Every structure is written in C-alpha cells, then in structure tokens.
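This report describes selected helix, strand and loop features of one protein model. The sequence and structure come first, and the description follows.

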Amino acid sequence: MTRRITGAVLEEVGRARPFAQSRPIGVVELDLDGPGPDELLVRIEAAGICHSDLSVVDGNRPRPVPMLLGHEAAGIVEEVGAGASAAGFSVGDRVVMAFLPRCGECDGCRTGGVMPCVPGTASNTAGTLFDGSTRLTRDGDRVHHHLGVSGFASHAVVDHRSAVVVGPDIPPEVAAVLGCAVLTGGGAVANAGAAKPGDDIIVVGLGGVGMAALITAVSLGYGRVIGVDAVGSKLHRAGELGADAVYTPDEAAEAGVRAALVVEAAGHPRAFETAFALTAPGGRTVTVGLPSPSAVSNVSPLAITAEARTIVGSYLGSAVPSRDIPRYAELWRQGRLPVEALISSYVTLDDINEAMDTLAEGQAIRQVIRF
C-alpha cells in the first residue's frame, strides 16, 4: 500500500551557502510504496544530521537527485515483509538504521567489517534500496534513497539488513545517534584502532563522530584521552565528557603530546596531518573523516618507516552494525556511554537548510530532528 509522507528532498547539488537562502532542500510530500518481502516500514522518531548529509548537499559526495536525505535515524516498525519477519523483525520493534547494509556473503562482508559490503555499496551509490529498487515518488517521478535509509521523513522503507533492533528502553534520539556517529567514532577506536589497555588515545576533530570516539575511549578506561579541535566550545564539552586534556592543534604541537592511537574525525587534510603528527612511534593513525575527493595531505614516509607507524582507513568505524550496535546500547544502559551528551540541539524538519549551515560552520556536535 502506498502512503503519503513528508520528507526533506535535496533538489540540486552544490548550491551556494548560506543554504538558508539558496534552499537546496525542500520539505515536501511524497508517495512511499509499502515494503517488499525483505523490507520494513518504519515510522521515524528521530534523525541525526551528519556531515555525510552535508557532503551530498555541497557536492563533495556526488549522489543522484532528487534524493530524500538522512541516514542516521531510528523509529518504530509498522509493517514487516515476510523475509524480514523470518529474519527476526516484528511490528512494534524500535530499530536503529545503519547506512551500510551488509549481505553477509560478499568479499567485503567476509572481512568482518574492515571492508564495506559490495552490493550494499553499489545500491548506496545508485540511490536505491538494497535490491536495486526505489519506493519513493513525487508526482509520479522517482526520488532516490539516501544510503538505503532516507531518514529525514515521517516514514521510511528500508531493507532489514539496514536495521538493527534495540530495546524500547533506548530513547529514540539515542538510538538514532548509535547508527552513525557512535558506530563510526566508536568503531574507529575499538575496531580499526584496536585500542588496548594502557593506550593513550587522541581524537582530532570533535564533531559528532569525533566526540563519539572520545566518549568510547573514555568508556574503555585504557589510558589518557585527549581531545583536539580548533573550536573552544567543543574542547570545553570534551572536558565535561571525561577527556583528561584538551588542546587546539597548535597547543597540542607545542605541548609535544603524542599517543599510541590517534583518531582523525574532521574530514580535512590539515586535521589528518595533525593526527599523524600526534601519533607516537609504533602507533596507529585512524582516519574516519570524509574530506573532499580533491583534498591532499602531506606526511613523511620516513616517519612511517623509521617509527614503525600505521595509517588505517576506516569506513563506518569498520563496523558490523548487527554486532556493534547492541554493544554500544549495552554500554549506554550501564551508564558508561553518554550518547545523549552528543546532542547539541534539537531541530524540526523545516529547519533543515539552516541546520546544514550550522553544521558547515563547525558549530554543532550533533543536531537531531524529532518527529
């Protein structure tokens, strides 16, 4: 059955900032077809606004348009296809959406999270659901899905491999942020970074993903946790969330701080260079930021060799959502992972263009849309 929904649709890529004036995103009514056998109809409760959304709006991550944006979301299952039911999903489940579905069978999935799913990546790039189809239309014309989720809407149809059930005790705004910021930032520390007892951990770039990496590092209790960012308010917040020390990039260089594990979460070439410079001999630099495709950093090959350094790229925190989201949910239940502290403000769907400006200006940790 087709239902009428309201969603935030990107009409054109690359419009000039401020987006509050150029209005690249329109809040419109669309038609959403019901779920197929392997899919779920989800009533969206909350959705986080992430830099990966902004990267589509500004053209750094080209995607087909029109596209219903949003990839970090949570909601309640209202309808379940037969295949999704067999996979364990039921009406009434609260689910976290994960923006990279995993088939569990391809070469990428066999790496245990290190590499992305091959067919999942293909469908994300094409702007379709996992099976290559679309469920969204406007006035009879197709509207593309964003990363298999399209969570900036009152409802979404997703493949069951793009969803993970969490308990009803997990608040919807916390559940939403688990699906991207925590998966990516936490995974940079725990998965790609392979943090171990005694490791000091530095996080460079304290947006939503970087702050999630920081609170994950604090929850482990392995060594000192240090936050680095150019924005003073973010450094102050990192201190409130348990960082042992905070620095601007220049202050960190002057202090000579270095760590066994350094996570770069800003998606900027200078931030990567800062992270590399702060990595101790024998240490690991993990980069999860998504810079412009044309961005270039300068690092010393000699330092890599002579100091036995490792540089690790990590997409979505090298995560397997069905494995990792329950772990983070349990840490939240134990009071060890204050995910709600990552939320800097709540906005409405009608505020979406202004929210993209706030994100582009580096002023937000995580803005969340409530439905």
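In this predicted model, helix H5 (residues 172-192) packs against helix H6 (residues 208-220) at an angle of about 50°, and their axes are 7 Å apart. H5 and H6 are therefore oblique to each other. Their crossing is right-handed. On the H5 side, the contact is made by Ala 181, Val 182, Thr 184, Gly 185, Gly 186 and Val 189; on the H6 side, by Gly 208, Val 209, Ala 212, Ala 213, Thr 216, Ala 217 and Leu 220. By type, the residues of this contact divide into 8 nonpolar and 5 polar, with no charged residue.

Ala 212 lies in helix H6. Its relative accessible area is 0%, so Ala 212 is buried. Leaving aside neighbours within four places in sequence, Ala 212 is in contact with Ala 181, Val 182, Gly 185, Gly 186 and Leu 342. Between Ala 212 and Leu 183 the C-alpha to C-alpha distance is 8.4 Å, with a separation of 29 residues in sequence.

Strand E3 (residues 39-49) has 10 of its 11 residues buried and is therefore largely enclosed by the rest of the structure. Its pairings are listed below, each with one residue pair.

| Partner of E3 | Sense | Bridges | Residue pair |
|---|---|---|---|
| E5 (residues 72-80) | antiparallel | 8 bridges | Val 42 with Val 77 |

As a general point, strands of a sheet pair through backbone hydrogen bonds, either parallel or antiparallel. An open sheet is formed by 6 strands in the order E8-E7-E2-E1-E4-E9, and its pairing is mixed. Its edge strands, E8 (141-142) and E9 (144-145), each pair on one side only. Within this order, strand E1 (residues 3-10) and strand E4 (residues 67-68) run antiparallel and are joined by 2 bridges. Val 9 has Leu 68 in E4 as its bridge partner.

The loop between helix H4 (118-126) and strand E7 (136-138) contains Thr 134. Not counting residues up to four places away in sequence, Thr 134 touches Gly 127, Thr 128, Arg 142, Val 143 and His 145. Thr 134 and Ile 369 lie 24 Å apart, C-alpha to C-alpha, and are 235 residues apart in sequence.

Towards the end of the numbering used here, helix H12 (residues 352-360) has as its buried residues Ile 352, Asn 353, Ala 355, Met 356, Asp 357 and Leu 359. The elements that cover these residues include strands E1, E2 (25-32), E3 and E19, together with helices H1 (19-22) and H2 (51-57). Just after H12, Gly 362 has a positive phi of about 75°.

How values were computed: Residues numbered from 1 in each chain as written. Predicted model: local features only at pLDDT ≥ 70, side-chain atom pairs only at ≥ 80, totals over all residues. Heavy atoms only, no water. Axes fitted to C-alpha atoms, helices over the stretch in contact; angles between N-to-C directions. Helix = DSSP H or I, 4+ residues; strand = E, 2+ residues; numbered from the N terminus. Parallel < 35°, antiparallel > 145°, perpendicular 65-115°, else oblique. Left-handed = near helix turned anticlockwise from the far one by under 90°. Contact = heavy atoms within 4.5 Å. Nonpolar A, V, L, I, M, F, W, Y, C, P; charged D, E, K, R; others polar. Buried < 20%, exposed > 50% of the residue type's maximum accessible area, 1.4 Å probe, protein only. Pairing = 2+ DSSP bridges.
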